[in-house]
Amino acid sequence: MKISQLKLEELRDMFIYVSKKMIESKSLLTQADKAVGDGDHGVNMARGFETVRQKLEGHSFTTIKELVNTIGTTLMVSVGGASGAIFGTFFTGAAKDLKEEQHNFNMNMFSQMLFNGLKAVKQRGKANPGDKTMVDALEPAALKAKEIISFPLSKALIDVTEEARKGVEKTKNMIAKVGKAKSLGKRTIGYPDPGAISTHLILKYMMEFITRKIPN
Ligand code: ADP
Ligand code: MG
């Protein structure tokens, strides 16, 4: 069995699931940010996704564009720190080119969203690949999605998530060049970037949600 697309309601449920799992990941993200930053990434993401969860549960959306845009603006206003702006920008960037009449989330849409979200993050944060940020997980994921755009969504998400995970691994060998971690310089070597971990987790929880929908 495979799933090639999700309807608006299912996509909303997917992001409610992702939000709950990101809240559960708070201490893991806190630990990661304690090693290379100020330790607030877990609290920031948990606060942001708790607000997203509430917004999504209490609202019925008319378009995917509206749903994705709401996630972005909610993260922007509810999260302090760089990650509010960065992850918020990812989602508003991902929503930007979506058409009102696009009602199915499929690989074409997912690939387009990853690319436009990545572009917006790079414009806003000015981080390049190799600077030890979430870009180092997001860019390989976006490239993979484009490469396997003909795959069913459920299968592609497995490979895209794996690519992001490999990106997180690679950040361990990088020296932070932007953000709070920058001041620690070489001392960040050996530790993964917290925002890259969050990026991988968001994709992983999307994959989990869709895999669970497939009957055995
Ligand atoms: P803060 O850095 O303000 O304490 P967080 O700890 O919540 O905020 O988030 C840190 C994460 O944000 C980093 O691990 C990194 O992945 C991401 N980040 C920070 N600055 C940038 C940037 N300019 N571009 C892309 N990602 C960034
Ligand atoms: Mg921090």
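Let me start with a question: why are glutamate 9 and arginine 12 separated by about one helical turn? Because they are three residues apart in helix 1, residues 8-24. Helices here are DSSP runs of H or I with at least four residues, and strands are runs of E with at least two, numbered from the N terminus. The side chains of glutamate 9 and arginine 12 meet in a salt bridge, at 4.0 Å from N to O. By that I mean a side-chain nitrogen of Lys or Arg within 4 Å of a carboxyl oxygen of Asp or Glu. The structure holds 13 salt bridges.

Some ground rules. This is a predicted model, where local features need pLDDT of at least 70, side-chain atom pairs count only at pLDDT 80 or more, and totals for chains, interfaces and linings use all residues. Residues are numbered from 1 along each chain as its sequence is written, chains are lettered from A and ligands numbered from 1 in the order written, and side-chain values use heavy atoms, with hydrogens and water left out.

Next, helix packing. Two packed helices are described by the angle between their axes and the distance between the axes. Axes are lines fitted to C-alpha atoms, for helices over the stretch in contact, and angles run from 0 to 180 degrees between N-to-C directions. Take helix 6 and helix 8, residues 153-171: their axes come within 10 Å and cross at roughly 30 degrees. So helix 6 is roughly parallel to helix 8, a label for angles under 35 degrees; over 145 is roughly antiparallel, 65 to 115 roughly perpendicular, and the rest oblique. Helix 6 brings Met107, Phe110 and Leu114; helix 8 brings Leu153, Ala156, Leu157 and Val160. Contact means heavy atoms within 4.5 Å. The count is seven nonpolar, no polar and no charged residues. Nonpolar covers Ala, Val, Leu, Ile, Met, Phe, Trp, Tyr, Cys and Pro; charged covers Asp, Glu, Lys and Arg; the others, Gly among them, are polar.

On a 1 Å grid over the protein atoms alone, a cavity is a set of points where a 1.4 Å probe fits but cannot get out; a pocket is an open set with protein on both sides within 12 Å along at least five of seven lines; lining residues have an atom within 4 Å of a point. Grid points are joined across faces, edges and corners, and a volume is the space filled by probe spheres set on the points.

The largest pocket has a volume of about 490 Å³. Its lining has 26 residues, with Ala82, Ser83, Gly179, Lys180 and Asp193 nearest the centre. Helix 5 gives the most, five residues. The lining splits into eleven nonpolar, nine polar and six charged.

The largest cavity holds about 170 Å³. Among its 14 lining residues, Phe90, Phe91, Leu114, Ile202 and Leu203 are closest to the centre. Here helix 9 gives the most, with four. This lining has 13 nonpolar, one polar and no charged residues.
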